[in-house]
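Reader: I have some questions about how the labels in this model were assigned. Please set each value against its cut-off.

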Amino acid sequence: MTTDSSLKRGLAVLRLFAQHPSQDPRGHTAAEVAALLGRERSQVSRILRSLETARFLRRDPASLRYSVAWELYARAQQITEARLRRDGRTALEGVAADTGECAYLGVLRGASSVTILESMPPALSSFVSWVGRAYPAYCSDAGQALLFDADDTEVAAVFARTAFVWHGPNTPADLDDFLARLNAARKRGYTIVDQEAEPGLYSLAAPVRDFRGEIVAAVQVVGPRRRLEPATAACADSVVRWSDWLTAALRSTDHETDEETDEETEGKTDGKSDRD
């Protein structure tokens with residue numbers, strides 16, 4: 001595909017695979033893709049073959065169905081992680097500016113939520129960093145947000161080896177207690193953790209989704225209950241708005257982060273060569 005129009009048609013096909021996953025685990029047929037796009041089958045077949053040659057798609061030899069090649073998923077994951085850190089910082093700075101409180105970006109690691117980014121207003125810059133620290137997901141705002149899409153069985157599997165230890169006056173007592181709070185959070189669209197993690201601590205979080213629609217992180221605002229609880233509505237508006245913004249950023253088709261990722265990868269490769 002050498003022309004701009006051909007490239008756009010190719011990207012439209014790839015976007016279709018992301019937005020309309022096939023019910024067949026082997027992927028879509030050329031006829032199905034053509035019907036979904038509203039294009040001629042012969043034209044779509046040429047595009048599919050080009051994408052297969054470029055290793056963006058793979059073709060099952062028995063069924064002749066096309067699916068996304070693992071190389072594309074790996075590349076998309078690499079870009080997502082780079083964007084999560086670049087645009088995640090912007091989102092946290094927005095929350096911190098909106099609320100005047102500390103903002104964090106958390107991810108799920110086993111049965112714990114782990115902070116990977118943070119932003120603190122100047123007045124609170126003396127606070128100890130939470131980056132790299134893990135906290136039990138059952139009593140953290142991020143933990144609830146990161147499990148929004150998990151069903152009860154999946155949540156139970158996450159906490160299968162977890163003891164619900166007391167951390168604050170409102171720590172969930174057991175799995176059923178956690179599930180009830182998780183369901184309430186889903187209905188409101190964000191989590192509220194009121195002295196579950198520790199006495200006097202209040203926090204809110206909202207989930208962030210990647211290009212697949214899967215939850216990969218949570219935007220959080222955390223602070224003393226005496227300040228945050230009266231400002232719950234404003235804090236909720238901020239974390240939801242900025243989590244939505246970050247989700248849109250992760251789904252963006254711009255190439256800036258792609259180039260940055262390539263430069264970072266090349267830099268790491270060059271550095272390794274120098275050391276070797």
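Reader: What do the buried residues of α7 pack against?

Author: In this predicted model, they pack against α5 (141-146), α6 (152-158) and β6. Packing here rests on contacts, that is, heavy atoms within 4.5 Å.

Reader: Which residues of α7 are buried?

Author: Phe178, Leu179, Leu182 and Ala185 are buried in α7. The label requires a relative accessible area under 20%.

Reader: How do you know that the buried residues of α7 line one face of the helix?

Author: Looking down the axis of α7, the buried residues fall within an arc of 120°, so they line one face. On the other side of α7 are Asp176 and Lys187, which are exposed; that label needs over 50%.

Reader: How do you know that the length of α7 agrees with what a helix of 14 residues should span?

Author: The rule is 1.5 Å times one less than the number of residues. For the 14 residues of α7 (residues 175-188) this gives 20 Å, and the end C-alpha atoms are 20 Å apart, so the two agree.

Reader: What is found at the start of α7, and what follows the helix?

Author: At the start, a side-chain oxygen of Asp174 comes to within 3.3 Å of the backbone nitrogen of Asp176. The cut-off for a polar contact is 3.5 Å between N or O atoms, and this pair is within 3.3 Å. After the helix comes Gly189, with a positive phi near 95°.

Reader: Why is Gln195 called buried?

Author: Its relative accessible area is 19% and the cut-off is under 20%, so Gln195 counts as buried. Gln195 lies in the loop between β6 (191-194) and β7 (201-209). Its phi is positive, about 60°, although Gln195 is not a glycine.

Reader: Is Arg55 buried or exposed, and where is Arg55 placed?

Author: Arg55 has 53% relative accessibility and the label needs over 50%, so Arg55 counts as exposed. Arg55 sits in the loop between α3 (41-53) and β1 (57-59). Its phi is near 70°, a positive value in a residue other than glycine.

Reader: How many helices and strands does the protein have, and what share of its residues count as buried?

Author: The protein has ten helices and eight strands. Of its 276 residues, 43% count as buried.

Reader: What share of the accessible surface belongs to carbon and sulfur atoms?

Author: The surface comes to about 14,600 Å², and 51% of that belongs to carbon and sulfur atoms.

Note on methods:
Residues are numbered from 1 along each chain as its sequence is written. This is a predicted model: local features need pLDDT of at least 70, side-chain atom pairs count only at pLDDT 80 or more; totals for chains, interfaces and linings use all residues. Side-chain values use heavy atoms; hydrogens and water are left out. Helices (H or I, at least four residues) and strands (E, at least two) are DSSP runs, numbered from the N terminus. Buried means under 20% relative accessible area, exposed over 50%, partly exposed in between (1.4 Å probe, protein chains only). Accessible areas come from the Shrake-Rupley method with a 1.4 Å probe; for residues, only the protein chains shown count as cover. The arc is that of the directions from the helix axis to the C-beta atoms. A polar contact is a pair of N or O atoms within 3.5 Å; within protein, one must be able to donate a hydrogen and the other to accept it, and residues adjacent in sequence count only if both atoms are side-chain atoms.
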